[in-house]
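User: I am new to this structure and would like to go through it with you. Could we take it piece by piece?

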Amino acid sequence: MRKIRSGVYGLNPLLDGGVNENSTTVVIGRSGAGKTTLATQFIRRGLQEGQEGVFVSLDENKEQIIREAVEMGWSDILEYLDDELLVFIDASGREFSNFIRKELPAFVADWKGSTARIVVDPLTPVLWSTKDLYEQRDLIGYMFKQTRKVGTVLCTLEEHGPADLAGPETVIPMYLADCVVHLKFNSNDSDPSRLLKIVKCRNSRHSPSSHPFQIVRGLGIVIQGVDGGRPVTVKTPSQLRQLLLTRSMPKNVRDALDKSLDGLTDADFRGLKPEEVLDLILQEYQGA
Amino acid sequence: MARGIGRALQKAVAHEGLDVDLDAEGRSLANGRRRQVYRYLCLRPCARIGDMGRELSMSQATARWHAWDLVENRYLQAEGTRVFPIGLIDPEDAALFAALASAGRAAILASVFESPGISFQELADRVHLTRQSASKIASELSGFGLLSVAEDGRYRRAYPTDLLVRKRDANRGRANAFGESVLRRLADDGLSPELLRRDETTLLVRFGAGSRRVLLEIPLDPYATAWMRRT
């Protein structure tokens with residue numbers, strides 16, 4: 001998987017280098033959590049790399065989003081708009097759902113292999129275009145599967161109600177997306193706090209923790225306490241590799257285990273001791 | 001890498017340029033309105049020309065003209081005054097589809113499927129007809145085997161039958177072959193069709209001449225869609 005830079009300061013190390021190219025990411029959060037800011041950062045970063053950007057806005061009008069971006073200090077997006085490297089699309093949820101059902105296949109056939117960054121902000125109206133849960137799943141699944149053929153896709157999703165990621169309108173896209181980022185926003189206190197957590201990321205390692213972040217004018221989302229330059233250590237896997245050599249086990253099992261240790265780092269083991277893992281491996285293959 | 005994906009998506013979402021006529025005279029489905037007529041008759045074979053014109057917002061004369069063009073070009077088959085797509089349904093069922101083409105009959109049938117065992121009086125209330133008319137229609141439908149009528153003391157009640165379900169299942173092979181034949185036909189007409197999506201109920205195909213391409217969604221499930229409620 002090729003990694004592309006997310007444009008969000010501090011996010012790439014948490015995703016093992018960046019967002020997987022041609023994947024679908026869903027960013028979930030309540031109103032004010034920073035979803036549109038994150039989406040704009042993502043698309044702007046692509047523009048800087050010469051990738052085209054498409055911002056499908058299903059809720060706010062495009063003037064509002066452009067105004068907010070300019071207020072953020074990102075007035076360069078006006079030039080990208082002039083050059084049509086960035087295109088905003090205003091549509092209703094129903095219009096966009098109809099497009100997915102009827103015209104998306106033709107569109108994908110025409111633009112397959114493109115490296116655009118595509119944002120759908122928010123995806124919620126597409127879900128609400130039908131009450132039938134099966135149809136919702138079909139529609140969203142189909143859209144994810146097709147759109148990732150023409151670029152790297154980021155959709156935002158509104159979080160409603162008190163439950164943590166358990167609402168029906170978040171569950172379906174969460175299952176179907178390749179990568180899920182949750183933005184938590186606590187605005188009740190006098191001191192508002194923001195946290196970012198990567199819920200899942202297919203085909204990539206990712207940070208398991210919640211990371212505090214700030215939204216800074218001119219920079220956008222900046223994640224705190226991320227040490228991107230920390231040296232990678234491989235103590236646990238190399239110890240485990242040594243230990244494996246000291247025990248007897250079928251050759252094919254040893255070879256397979258040896259191979260699976262390639263490229264693993266201490267971060268992958270998260271505190272698991274090599275001896276502990278070895279014991280479990282021996283139990284599994286005892287007498288095999 | 002070609003540029004302009006954003007503008008192209010914008011156009012596609014706004015449905016621009018998808019229902020245009022292709023510059024290909026003499027090829028039946030190159031005409032946008034004719035495609036609408038064909039699609040409608042795949043959805044509701046043997047539909048009445050008047051209903052079709054109203055739902056597609058074209059005059060009866062226009063709808064009839066396009067239907068006859070499609071008959072002449074062997075896309076549609078005519079049985080008396082009824083027309084249906086060649087190869088999509090069992091020609092023996094033309095009379096059945098003609099019966100379902102009446103909005104009143106379709107509404108009665110749909111009500112019976114929604115409420116099996118519904119009394120004739122309730123049925124009449126549900127579809128805003130007199131009890132006599134509802135009763136007459138129910139007897140006609142029962143004559144086709146589409147529903148069964150049972151006496152229950154002083155009530156007469158209507159129950160759905162599985163006739164349409166059986167016919168629908170039995171028609172799957174035919175519908176598949178129909179899809180293939182439409183694709184072959186478009187290719188023969190020089191409209192270089194591309195199959196974009198196909199499932200049990202629809203075929204989505206794009207075709208055209210030169211740079212102009214159009215999309216056509218062809219419904220393949222007439223035994224289910226012919227009596228759908230009109231929206």
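User: Where does A:Ser238 lie?
Analyst: A:Ser238 belongs to helix H9 of chain A, residues 235-246. Helices (H or I, at least four residues) and strands (E, at least two) are DSSP runs, numbered from the N terminus. The model is a predicted one: local features need pLDDT of at least 70, side-chain atom pairs count only at pLDDT 80 or more, and totals for chains, interfaces and linings use all residues. Residues are numbered from 1 along each chain as its sequence is written, chains are lettered from A and ligands numbered from 1 in the order in which they are written, and side-chain values use heavy atoms, with hydrogens and water left out.

User: Is A:Ser238 buried, partly exposed or exposed?
Analyst: A:Ser238 counts as partly exposed because its relative accessibility is 35%. Buried means under 20% relative accessible area, exposed over 50%, and partly exposed in between (1.4 Å probe, protein chains only).

User: Changing topic, which strands form the open sheet in chain A?
Analyst: Nine strands do, in the order S5-S4-S6-S7-S3-S8-S9-S10-S11, with mixed pairing. Two strands pair if DSSP finds at least two bridges between them. The edge strands, each pairing on one side only, are S5 (86-90) and S11 (220-223) of chain A. From one strand to the next, the twist averages 25°.

User: What packs on it, then?
Analyst: Helix H3 (residues 62-71) of chain A packs on the sheet and touches S4 (53-57), S5 and S6 of chain A; its direction makes about 140° with that of S5(A). Contact means heavy atoms within 4.5 Å. Axes are lines fitted to C-alpha atoms, for helices over the stretch in contact, and angles run from 0 to 180 degrees between N-to-C directions.

User: How many bridges join S8 of chain A to S9(A)?
Analyst: Eight bridges join them, and the two strands run antiparallel. A:Val181 stands opposite A:Ile198 in S9(A).

User: Which residues does the cis peptide bond join?
Analyst: That bond joins A:Asp121 and A:Pro122, with omega about -15°. A:Pro122 is placed in the loop between strand S6 (116-121) and helix H6 (124-127) of chain A.

User: What about the phi of B:Arg74?
Analyst: B:Arg74 is not a glycine, yet its phi is positive, about 60°. B:Arg74 counts as exposed because its relative accessibility is 58%.
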